[in-house]
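Please walk through this structure with me, from the whole chain down to single residues.

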Amino acid sequence: MQKSGWDIQENIQPFNKLSQDEIIRLINAAILGNSKHTTSYKFVFFKSILDNIFNVDLNSEPECFLSFDSISLRFTEIYWNLVFRYNLRQMPLNSNGKKSAIETELDYFCKKYSLLKEGLDFSFENLNVELQAELSDNIKKAVVTKYVLGAFCSDTEWQFYHFSKIKKWNGIYLNKNFFEVLAKYRSDFEKVNYFEWIKYLENINKEEDSYKLASKLDLSTERQNLEPYRKILFSYGQDSCFYCGKSLESNAVDHFIPWSFVKDDKLWNFVLACPTCNSKKSDKLTSQNFLTNIKLRNEKLCKIKNPIVQTDFKTYTFTKLTLMYHNAILNGFQTNWTPC
């Protein structure tokens, strides 16, 4: 099987036994400036995997399965917000004004549904779920699996993941050693990826559009409307603060493991907190005894017959939540917070 990069149809060769240093080298080689980048696809693809690293199904056969739907939805969300909210180009402007495939797909979709209206809030989360899914599926076929999947696998010397377009797999199977290293050093890899991604975007965009790029990359995936999660937690019966136990006259939806580490929104990581605890906890980790509390809460919550619950809990395990907690500590997050 000749392996030429983006147009490769599958990678099913056995993984080599790699050390942590070798894995770090392969990932750095794929994203650092000395590798070839004609678009921003590889940076966004890698971020899409990092943001889904704790959604990997460790119970699949073989293990470490991550669906294309999860990758493509995040990939689409990032590009929607960068292109429409922040007006950032994703490939160099050439003489004939050609756009990248991702920008072409986004433009076509907006024209199809007459979404390019003045005054529209262009955040991705304001699209209804059906439109999000349709656009994500289009981009999965036109960009993710067509241009990025083989290229990034090639750049990591075919050791990062297995995939097959021939067998029509609906996702990738991560090398377990890669999964363990990415989960352990998630924040560090994100920073390296951001640094190279920012350099690339600065070179192809106007200075005024490149202002505060790091914040724009972060905000491209931050959800603002957490009301659906609040309603589910209330319907489940959480009427007191998860941390201090006081009755909730007003509340906030809080990420038990801070969003700044996981960069994802899943119901099993959400609790309701009073304004005081939410503010004081901020990006801190609780003391370990709260892990037991959320374990018991999730064992009951996962049984609720609700589409969001069933989707969010599909690959959840308490072992993975515990892994997130300890890896957040390794990434420098302050721990042992308790309410006063």
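**A guided reading**

Ser282 counts as partly exposed, at 38% relative accessibility. Partly exposed is the range between buried (under 20% relative accessible area) and exposed (over 50%), with a 1.4 Å probe and protein chains only. Ser282 sits in the loop between α11 (275-281) and α12 (289-301). Its phi is positive, near 50°, and the residue is not a glycine.

Some ground rules come next. This is a predicted model, in which local features need pLDDT of at least 70 and side-chain atom pairs count only at pLDDT 80 or more, while totals for chains, interfaces and linings use all residues. Residues are numbered from 1 along each chain as its sequence is written, and side-chain values use heavy atoms, with hydrogens and water left out.

Now the whole chain. The protein has 14 helices and six strands. These are DSSP runs numbered from the N terminus: helices are H or I with at least four residues, strands are E with at least two. The radius of gyration is 20 Å, close to the 20 Å that the globule rule gives for 340 residues, so the protein is as compact as a globular protein of that length. That radius is taken over C-alpha atoms, and the rule is 2.2 Å times the number of residues to the power 0.38. The C-alpha trace spans about 60 × 55 × 35 Å along its principal axes.

Ala30 lies in helix α1 (residues 20-31). Ala30 is buried, at 0% relative accessibility. Its C-alpha atom is 40 Å from that of Asn293, which is 263 residues away along the chain.

How much of the protein is buried? Of the 340 residues, 53% count as buried. The protein exposes about 16,300 Å², and carbon and sulfur atoms supply 50% of that area. Accessible areas come from the Shrake-Rupley method with a 1.4 Å probe; for residues, only the protein chains shown count as cover.

Turn to contacts, meaning heavy atoms within 4.5 Å. Among contacts between residues at least 6 apart in sequence, 73% join residues at least 24 apart.

Nonpolar side chains tend to be buried together in soluble globular proteins. In this model, the largest nonpolar core has 103 residues. Such a core is a set of buried Ala, Val, Leu, Ile, Met, Phe, Trp, Tyr and Cys residues joined through side-chain atoms within 4.5 Å. Phe45, Phe75, Trp80, Tyr161, Ile172, Tyr243 and Ile257 touch the most other members. Helix α5 (residues 129-155) gives the most to this core, with 10 residues. Take Tyr161 as an example. Leaving out residues up to four places away in sequence, its contacts include Asn11, Phe15, Phe45, Val148 and Ile172.

Tyr79 is in helix α3. It is buried, at 0% relative accessibility. Beyond four places in sequence, Tyr79 touches Ser40, Tyr41, Val44, Phe84, Gln90, Ile102 and Leu106.

Tyr325 belongs to helix α14 (residues 318-330). At 1% relative accessibility, Tyr325 is buried. With neighbours up to four places away not counted, its contacts include Ile257, Leu285, Leu291 and Thr335.

Leu267 lies in a loop, between α10 (259-262) and β6 (270-273). Outside four places in sequence, Leu267 contacts residues including Tyr229, Ile232, Arg297, Val309 and Phe313.

Two backbone details remain. Where is the cis peptide bond? It joins Glu61 and Pro62, with omega about -5°. Pro62 lies in the loop between α2 (41-51) and β2 (65-67). Asn87 has a positive phi of about 55° although it is not a glycine. Asn87 is in the loop between α3 (68-85) and α4 (101-112). Asn87 is partly exposed, at 48% relative accessible area.
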